[in-house]
Amino acid sequence: MTRNPVNHVTDGGDPRATVRTPAQRQPSTAHGLPPAADPPGQAEAGRLAATVERLRSEVRAARSAADGRALVEMAKGVLVGKLGCGPAEAARQLASLAEQSGTDPLELAVDVINQAASDQVSQIAEEFLTRAEVRERADEVQSTALRLRSAESRVLASPDAQSMAAALLENALAPLGVTGVAIWAAGSDSSLTLAGQAGFAEEEAARWRYVPPEVATCARLALSAREPAFIGSLSDGGLPTIGRRRHPHGARLAVPAGTGGRINGVVEVSWPQPQPDLPHRTVRQIEALAELCARALDDAEPGAAQGAAPADHDTGLGELTDLADNLHDPALVLVPHLDSRGNLADFRIHHANPLFVDPAGRPTSSVSGSLFLEAYSLAEADGLFEKMERVHATGEPLRTQRMSLRALVDQVPLTAFADVSISRHAGALLLLWKVEDEAARLASLLGHAQRLGRVGGFEESAVTGEITWNGQLFALYGLPLNATPVPLRDLGAHAHPDDAIAVTRFLRTLLHHRREASVDLRLRRPDGITRHVRVVAEPALDANGALHAVRGAYQDISSQHWTEVALAATRDQLAHSEAESVERTRLTLQLQHAIMPPAPAALEVPGIRIAVRYRPAESEALVGGDWYDAIVLPNQRILLCVGDVAGHGIEAATGMVILRNALRGLAVTGAGPAQLLAWLNAVAHHLTDQVTATAVCGIYDPQTRVLRWSRAGHLPPVLVRRGVAEAFPLTSGLLLGALPETAFTEEEIQLEPEDTLLMYTDGLVERRDTAVSETLAHLLAVAAREASGLEGRLDHLLTYSRSDTDDDTCLIGIQVR
């Protein structure tokens with residue numbers, strides 16, 4: 001009997017009070033005044049809206065009560081099974097337990113169900129109960145379990161996926177801040193169909209009814225990865241999905257929904273605002289709801305959900321078996337094998353078609369009916385089983401070539417290569433397993449080797465004259481594939497005339513003496529191109545020793561020939577260049593050593609003692625332009641100088657000789673060191689080929705022990721006095737040859753007996769990774785150490801020098817007496 005829904009809902013227990021006319025309604029007053037009159041149409045609309053809202057509230061309350069009654073009935077059933085009592089006794093026990101514990105009967109029913117069940121809902125409740133803050137969050141734990149069990153009751157009672165989505169959003173997801181939920185059904189071609197949704201506009205849902213394969217969406221991420229995919233903000237992810245126009249910055253969580261290792265679809269939930277992160281317990285709750293949806297969809301009738309894929313049935317195995325038997329490739333039909341918890345553990349070989357050949361050589365009867373990992377225990381290590389799991393879960397077919405397949409036969413691993421194709425049909429897998437033929441593989445390998453090596457094979461019958469060429473030999477001759485092959489006896493006609501003698505010797509050895517032979521020749525092709533080839537052939541004799549056939553190969557060695565020619569020319573050029581370089585270095589060293597011996601004898605001059613050390617560069621190729629000089633001038637004064645010409649080689653050595661000799665000649669004039677450097681700068685700029693150099697020039701007067709000195713871009717001298725080493729000041733002075741005219745600053749210093757003056761080039765202190773100031777400080781520390789005489793001090797400085805540039809080094813020591 002159908003009741004009028006308006007009359008069925010009462011107000012205060014009186015059916016007549018549900019809908020009242022304006023005349024029946026008593027006017028209310030405020031402060032004794034009659035109420036303001038509303039327009040008739042607005043008053044009627046308000047009453048209708050209030051009635052509709054009250055009806056909705058009562059419907060929701062009725063649904064909640066029905067869900068609660070379903071949970072209580074489930075708890076009573078658990079008690080009946082555990083206590084062995086009747087339903088009435090179970091109801092009394094449940095009420096007594098609730099009264100004794102002081103809890104709501106509905107919450108107690110949820111606890112009983114969680115303790116008896118072993119699904120994800122009970123696991124989530126157990127995880128919450130084991131947390132340290134359970135006492136403070138007891139209400140949250142009970143609320144979560146109640147919501148999940150209520151959602152479970154509603155989902156299982158839903159007739160289609162649309163109702164499931166509404167039940168999930170209303171009963172379980174709305175308290176988590178979720179405003180939309182979409183249930184996607186996965187097709188066998190890895191497409192996605194919107195089976196049901198709640199919280200999204202109908203127009204938006206209509207546009208997303210079907211998502212083709214390979215289209216990247218939020219749900220596609222979870223389907224491909226087979227694990228939850230969380231996007232904190234759609235604006236950052238950039239992935240399209242349902243409802244993005246309304247909430248472009250909202251967050252999404254997509255969770256695969258499947259049972260028995262197979263993913264039936266994806267549950268996608270939406271938050272209107274960005275979410276930095278989701279708590280683990282929230283993700284676990286949504287995973288439990290996704291598994292619940294998967295079970296409900298799997299148990300639903302085919303076509304019940306809008307656009308959902310039909311459920312799997314064993315009746316489809318017969319059609320799949322017939323399909324496998326009619327294929328031209330070896331095939332296996334595999335069905336999922338689940339463990340006690342309903343998870344995918346293996347696949348059982350349901351059927352092997354007549355063309356199937358076991359790689360290990362076992363008969364098909366020993367393989368059919370067994371578990372796949374039992375028959376092929378190494379499939380998991382080889383990665384094949386993981387691919388099978390993925391195809392079974394997502395429905396996306398997989399094809400791969402030359403996959404290694406190993407099987408254990410008497411504990412001996414046998415390896416084979418096969419082209420594998422895996423596809424899902426309903427709940428089963430079709431595995432195409434085409435083992436590579438060894439003869440075909442070797443033929444293909446030989447063909448590739450001949451192509452890469454530019455080798456063309458031939459065989460010529462000495463009895464019938466029949467000639468067989470492969471395609472590479474036609475290309476080598478520059479002939480089309482339908483041309484007549486060239487007989488071996490006509491080889492000389494296609495060779496360069498200069499190779500005629502070599503070809504005749506080759507044919508005589510091969511055909512007359514019947515021995516293996518080879519020849520290198522220049523093959524002239526019809527297109528005018530000449531190729532350098534090597535022909536290798538051997539005779540084939542019959543049982544009587546007569547020549548039966550000749551077989552051999554041509555190899556194009558043009559690239560090798562021209563490479564050898566280029567290498568020979570390069571070797572000749574390198575040998576000539578090396579000889580020139582050796583001679584050039586020898587002459588440079590001779591010139592340098594003639595001017596500056598590495599260890600000349602000490603110079604004895606009245607009032608001072610002069611010692612010199614010259615250290616050439618470690619590499620002979622780095623012959624530099626360092627020089628030193630110490631001579632007594634006609635006025636009995638002493639010229640002391642060191643210099644360094646920029647660059648290396650014969651040019652630097654030549655420039656050094658020019659500047660050294662020029663300074664000697666200019667010093668005879670009696671000019672001071674500043675003037676000498678100014679004249680030497682003019683020589684470097686005008687009379688040399690762009691020579692630049694640094695120098696320190698000093699004039700020492702033995703009578704007064706006064707040293708006048710000047711520098712041109714060079715490091716200053718070092719004075720060692722009473723165990724203390726100190727560098728001269730850095731006076732101004734540009735390097736030689738940079739400008740046509742420049743002035744230099746002249747300084748003088750009064751030397752004392754037992755003073756030691758050190759003049760050097762930058763090869764003594766220069767380092768690639770250290771500033772000059774640091775290396776100069778190290779030089780001062782070494783110079784201040786005690787030494788056995790002047791020569792010992794110079795040797796000590798060279799020994800403990802930290803320079804690493806392999807440059808020449810000049811070092812002059814002047815000891816005052």
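This predicted model holds zero disulfides. A disulfide is a covalent bond between the sulfur atoms of two cysteines. C218 has a relative accessibility of 2%, and because buried means under 20%, it counts as buried. C293 counts as buried as well, at 1% relative accessibility.

Helix α23 covers residues 789-799. Its buried residues are L790, R793, L794, L797 and L798. Viewed down the axis of α23, these buried residues fall within an arc of 135°, so they line one face of the helix. What does the buried set of α23 pack against? The partners are the strands β18 (608-615), β23 (718-721), β26 (756-760) and β27 (809-816), together with helix α22 (772-783).

Helix α7, residues 161-173, is 13 residues in length. Its end C-alpha atoms lie only 16 Å apart, whereas a straight helix would reach 18 Å at 1.5 Å a residue. In α7, the buried residues are A161, M164, A165, A167, L168, L169, N171, A172 and L173.

Turning to the strands, β19 (residues 624-632) is mostly covered, with eight of its nine residues buried. Strand β20 (residues 638-648) runs antiparallel to β19, and nine bridges join the two. Within this pairing, D626 has D644 of β20 as its bridge partner. The hairpin formed by β19 and β20 has five residues between the strands. In that hairpin, Q636 takes a positive phi near 70°.

The last stop is E460, which is found in strand β12 (residues 455-461). Is E460 buried or exposed? With a relative accessible area of 14%, E460 is buried, because the cut-off for buried is under 20%. H548 is 88 residues from E460 in sequence, while the C-alpha atoms of E460 and H548 are 9.0 Å apart in space.

Key
Residues are numbered from 1 along each chain as its sequence is written. This is a predicted model: local features need pLDDT of at least 70, side-chain atom pairs count only at pLDDT 80 or more; totals for chains, interfaces and linings use all residues. Side-chain values use heavy atoms; hydrogens and water are left out. A disulfide is a pair of cysteine sulfur atoms within 2.5 Å. Buried means under 20% relative accessible area, exposed over 50%, partly exposed in between (1.4 Å probe, protein chains only). Helices (H or I, at least four residues) and strands (E, at least two) are DSSP runs, numbered from the N terminus. The arc is that of the directions from the helix axis to the C-beta atoms. Contact means heavy atoms within 4.5 Å. The expected span of a helix is 1.5 Å times one less than its number of residues. Two strands pair if DSSP finds at least two bridges between them.
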